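Biologist: I would like to learn how to read a model like this one. Please put it on screen and take me through it.

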Amino acid sequence: MVKERARILVVGGGYVGMYTALRLQRKLRHELKRGEAEITVVTPDPYMTYQPFLPEAAAGSISPRHVVVPLRRVLPHCHVVVGEVTTITHTTRTATVTTLATAEEGTGPRQLAYDELVLAPGSVSRTLPIPGLAEHAIGFRTVEEAIGLRNHVIEQMDIASSTRDPAVRDAALTFVFVGGGYAGVEALGELEDMARYASRYYHNVTPDDMKWILVEASDRILPEVGPDLGRYTASELRRRNIDLRLNTRLESCLHRTAVLSDGSRFPTRTIVWTAGVKPHPLLAATDLPRTGRGRLRCTPELTVEGAPHAWAAGDAAAVPDITAPPGTHTAPNAQHAVRQAKVLGDNIARSLRGQPLQPYAHTYAGSVASLGLHKGVAQVYGRKLKGYPAWFMHRAYHLSRVPTFNRKARVLAEWTLSGLFKREIVSLGSLEHPRAEFELAAGGKSSDERTGPPGNPGSPRDEDNPKE
C-alpha cells in the first residue's frame with residue numbers, strides 16, 4: 001500500500017512513456033482500484049510507434065496501422081490526454097498542457113498538478129541550417145513520414161514514366177538519403193528494394209535508371225554493428241549500385257538540387273534526412289538539471305539528480321551505465337529504453353511504498369539491421385550474421401519486442417501473406433490531401449493548391465511538380 005495518494009504524470013507516449021505506464025498499471029493495480037493512485041499520460045499522438053518497423057511499413061511489408069499501438073487500448077487504467085506539455089515547473093510540481101481543444105475553448109493552456117513526474121518526451125530530428133532543407137527534405141521518424149515517403153517514391157516513378165523531359169525524369173529517379181545510421185540505411189535498403197521490384201511494372205523505367213545516394217559525414221556506416229559488418233554493408237549497398245558517399249556532407253538543397261561537400265550536384269525531388277537526433281525541446285522548458293548535450297542528468301535508479309519525485313529514461317535521459325567504465329552513459333536506443341521503462345515503473349512503485357530503489361543495469365546484447373527483403377546484418381552476443389540469417393534474426397527479434405499479442409499476430413500474418421503473394425505497389429498519396437478533390441468539385445481552388453504543404457517533397461500540388 002502506498003503512503004499517500006499519488007498523482008503520476010507521464011510525459012510522452014513512446015517506448016518509455018507507454019512501457020512505464022503499462023508497468024505501473026500492473027504494479028499499482030490495487031492502488032488504482034482503491035483510488036490511492038492515478039496515472040495521467042500526456043502525449044501528442046494517441047499511439048506508440050514501433051520505429052524499427054517503419055522501413056518495412058515504407059516498403060509495404062507491414063500495414064501502417066500495425067506499426068502503432070493504441071495507447072487507450074493498452075492503458076485502460078490510465079488517463080490518456082492527447083496534447084503537449086509546453087513547460088514544467090518541478091519546484092511547484094505543475095505542468096502546462098495544451099490539448100486539441102485548447103484553441104476551441106479560448107481559455108489558454110491548463111495547469112496540471114502532479115506528485116510524481118516521468119519525463120519521456122523522446123527526441124526530435126537533429127537538423128542543420130542547410131539552405132533548402134526545411135522546404136524540400138523529409139524525415140523518417142514517424143509512421144506518417146514513412147508512408148508519405150513510400151507514396152512519394154512511387155509517384156516519382158510515375159512522373160518519370162510519363163514525362164518527355166529528360167531533366168524531369170532524371171530528378172524524379174534520383175533519391176538522396178542523408179545519414180548512415182540505422183534509420184538511413186534501413187530506409188534506403190527497404191525503399192530501393194521496393195522500387196526495384198515495382199520497376200518491373202513500368203514499361204520504360206528500369207532499376208538502372210534510378211540513382212540511390214547515401215551521404216554520410218563520417219568514414220563508415222552503421223557504427224552500431226561494428227566496423228566489419230559496417231564494411232560489409234557498404235559493399236552490399238555498392239553491389240546494388242547504390243552510390244555511397246562517405247566523409248561527405250549535404251551543403252545545400254535549394255531549387256531541388258542536392259549539393260554535396262565533394263562538389264557533386266544532383267537534381268532531385270527526394271531528400272530524406274536521417275542525420276541523427278537531439279533531445280526534445282521540452283527539456284529546455286523545465287527547471288530540471290541537464291547535461292551539456294541537453295539530456296536530463298539522471299542516477300542509475302532513473303531519478304533526476306537533485307529533483308525528488310522526478311524520473312526520466314530513454315532518449316531524454318543521460319543514465320549512467322554501471323556495466324561500463326565510469327562516466328559512460330547508456331546509448332539512446334530502443335533496447336535500453338524498453339528495459340529502463342521496466343525498472344522505472346518498478347522503482348516508482350517502490351518509492352511510493354517506501355521500499356529501496358534498484359539501479360538499472362543491462363549489458364548491450366547486440367544490433368540487428370535490415371537491408372531489404374532477405375538481406376540484413378546482425379551482431380548478437382558477439383556473433384556476426386549476414387544476409388538471410390541476419391534478416392531472419394532482425395524479424396524474429398523485433399516480432400518478440402513489438403508490444404501486445406494483437407500486434408505480434410497481425411504482423412506475423414502480414415509477413416506470411418507477403419511471402420505468398422506479390423508486393424503492393426500502389427501509391428495512395430491522395431490520402432494526404434483528402435479534401436482536395438471535394439474543394440475542386442465545389443468550384444473552388446483546393447487549399448493544397450493555394451498554399452502547398454511545406455516540407456512535403458512529393459506533394460502532387462507542389463508548385464515545382466511537373467504534373468501540374
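Biologist: Which residue forms a salt bridge with D193, and how far apart are the closest N and O atoms?

Modeller: First the general idea. A salt bridge is a side-chain nitrogen of Lys or Arg within 4 Å of a carboxyl oxygen of Asp or Glu. Here D193 pairs with K375, and their closest N and O atoms are 3.0 Å apart. D193 sits in helix α9 and K375 in strand β23 (residues 375-380), so this pair ties together parts 182 residues apart in sequence. Helices (H or I, at least four residues) and strands (E, at least two) are DSSP runs, numbered from the N terminus.

Biologist: What should I know about the source before going on?

Modeller: This is a predicted model: local features need pLDDT of at least 70, side-chain atom pairs count only at pLDDT 80 or more, and totals for chains, interfaces and linings use all residues. Residues are numbered from 1 along each chain as its sequence is written, and side-chain values use heavy atoms, with hydrogens and water left out.

Biologist: Is D193 buried or exposed?

Modeller: Buried means under 20% relative accessible area, exposed over 50%, and partly exposed in between (1.4 Å probe, protein chains only). D193 is buried, at 10%.

Biologist: How many salt bridges does the structure hold?

Modeller: There are 18. One of them joins D209 to R169, with the closest N and O atoms 3.0 Å apart. D209 lies in the loop between α9 (182-198) and β12 (211-215), R169 in helix α8 (residues 166-172), so the pair links parts 40 residues apart in sequence. D209 is partly exposed at 31%. Another salt bridge brings the side chains of E36 and R34 together at 3.1 Å, N to O. E36 is buried at 19%, while R34 is partly exposed at 45%.

Biologist: How many disulfides does a search of the whole structure find?

Modeller: A disulfide is a pair of cysteine sulfur atoms within 2.5 Å. The search finds zero. As for cysteine burial, C78 is buried at 11% relative accessible area. C253 is buried too, at 0%.

Biologist: Now the sheet. In what order do the seven strands lie?

Modeller: Two strands pair if DSSP finds at least two bridges between them. The order is β7-β6-β5-β2-β1-β8-β20, in an open sheet with mixed pairing. β7 (110-113) and β20 (310-312) stand at the edges with a single partner strand each, so one side of each has no neighbour in the sheet. From one strand to the next, the twist averages 40 degrees.

Biologist: Which strands pair with β2?

Modeller: Strand β1 (residues 6-11) runs parallel to β2 and is joined to β2 by six bridges. A6 has A37 of β2 as its bridge partner. Strand β5 (residues 79-89) is also parallel to β2, over four bridges. In β5, V81 partners V42, and H79 partners T40.

Biologist: Why is β2 largely enclosed by the rest of the structure?

Modeller: Count the buried residues. Six of the seven residues of β2 (residues 37-43) are buried, so the strand is largely enclosed.

Biologist: Which helix lies across β1, β8 and β20?

Modeller: Axes are lines fitted to C-alpha atoms, for helices over the stretch in contact (heavy atoms within 4.5 Å). Angles run from 0 to 180 degrees between N-to-C directions. Helix α11 (residues 334-352) lies across those strands, at about 165 degrees to β20.

Biologist: Which residues touch the most other members of the largest nonpolar core?

Modeller: A nonpolar core is a set of buried Ala, Val, Leu, Ile, Met, Phe, Trp, Tyr and Cys residues joined through side-chain atoms within 4.5 Å. The largest has 113 residues, and I8, I88, L119, F177 and W212 touch the most other members. Helix α7 (residues 143-162) gives the most to this core, with eight residues. Apart from this core lies another of 15 residues, including L133 and V215.

Biologist: Where does N241 lie, and what is its phi?

Modeller: N241 is in the loop between α10 (227-239) and β13 (242-245). Its phi is near 65 degrees, a positive value in a residue other than glycine. N241 is exposed, at 56% relative accessibility.
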